[in-house]
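Thanks for coming, everyone. Please look at the model on the screen while I talk.

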Amino acid sequence: MAAQASYQIPAVENFDFSQPERWPSWIRRFERFRHASGIVGQSEESQVNTLIYSMGDKAEDILRSLDVPEADLKRYDKVKDKFEQYFVKRRNVVFERAKFNTRVQKEAESTVALEVTSTTPHSTSVTPLPPLLTPPLSLHFHHSSL
């Protein structure tokens with residue numbers, strides 16, 4: 001009978017909450033860790049706890065804010081899906097704001113029209129975008145000579 005090799009797999013690094021766009025690559029790495037370490041064979045509640053612990057300190061607060069039904073808090077796929085929805089939405093808000101902030105106002109376009117065209121039809125942002133503050137299009141300074 002051959003002896004099995006025993007080794008420990010290092011845990012994944014904590015998720016960087018300031019970069020929600022990195023969620024897809026982080027969760028893929030966690031899934032590999034979950035399978036390679038054998039966590040996938042443990043109870044779902046244990047898998048949820050490992051996910052939250054591996055993500056880092058903010059994960060618990062975010063999970064509480066997501067209104068996950070009590071029964072679903074012990075189901076790995078349900079918790080993972082909630083985080084997925086949260087980070088994908090968050091990533092879209094960041095993208096939409098960046099797109100808005102790089103948009104150039106046309107000469108005859110009002111600020112309201114600029115904001116409306118910048119947030120429709122494909123915006124997924126739930127939070128309103130910041131108002132665009134622009135100086136008047138033409139400033140005339142009159143200098144009087146003394």
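Start with the second largest pocket: H2 gives the most to its lining, with four residues. This is a predicted model, where local features need pLDDT of at least 70 and side-chain atom pairs count only at pLDDT 80 or more, while totals for chains, interfaces and linings use all residues. Residues are numbered from 1 along each chain as its sequence is written, and side-chain values use heavy atoms, with hydrogens and water left out.

Now, what is a pocket here? On a 1 Å grid over the protein atoms alone, a pocket is an open set of points where a 1.4 Å probe fits, with protein on both sides within 12 Å along at least five of seven lines; lining residues have an atom within 4 Å of a point. Points are joined across faces, edges and corners, and the volume is the space filled by probe spheres set on them. Helices are DSSP runs (H or I, at least four residues), numbered from the N terminus.

The second largest pocket has a volume of about 190 Å³. Its lining includes Glu 45, Val 48, Asn 49 and Ile 52, and also Glu 60 and Arg 64. Helix H2 (44–55) and helix H3 (58–65) are the elements that give two or more residues to that lining. By class, it has five nonpolar, one polar and six charged residues. For the classes, Ala, Val, Leu, Ile, Met, Phe, Trp, Tyr, Cys and Pro are nonpolar, Asp, Glu, Lys and Arg are charged, and the others, Gly among them, are polar.

The largest pocket holds about 230 Å³ of space. Phe 15, Trp 26 and Arg 29 are among the residues lining it. That lining has four nonpolar, three polar and four charged residues.

Back to H2. How far apart are its end C-alpha atoms? After H2 comes Gly 56, with a positive phi near 120°.

Thr 50 sits in H2. Is Thr 50 buried or exposed? Its relative accessibility is 18%, so Thr 50 counts as buried. Buried means under 20% relative accessible area, exposed means over 50%, and partly exposed is in between (1.4 Å probe, protein chains only). Beyond residues up to four places away in sequence, Thr 50 touches Phe 30, Phe 33 and Ile 39. Contact means heavy atoms within 4.5 Å.

On to charges. A salt bridge is a side-chain nitrogen of Lys or Arg within 4 Å of a carboxyl oxygen of Asp or Glu. How many salt bridges are there by this rule? The count is five. Glu 31 and Lys 80 form one, at 3.5 Å, N to O. Glu 31 lies in helix H1 and Lys 80 in helix H4 (residues 76–102), so this pair ties together parts 49 residues apart in sequence. Glu 31 is buried, at 16% relative accessible area.

Glu 60 and Arg 64 form another, their closest N and O atoms 4.0 Å apart. Both lie in helix H3, four residues apart, about one turn of the helix. Glu 60 is partly exposed at 34%, whereas Arg 64 is exposed at 58%.

Last pair: Arg 75 and Asp 72 meet at 3.8 Å, N to O. Arg 75 is partly exposed at 40%, and Asp 72 is buried at 17%. Finally, salt bridges that share partners join Glu 31, Arg 34 and Lys 80 into one network.
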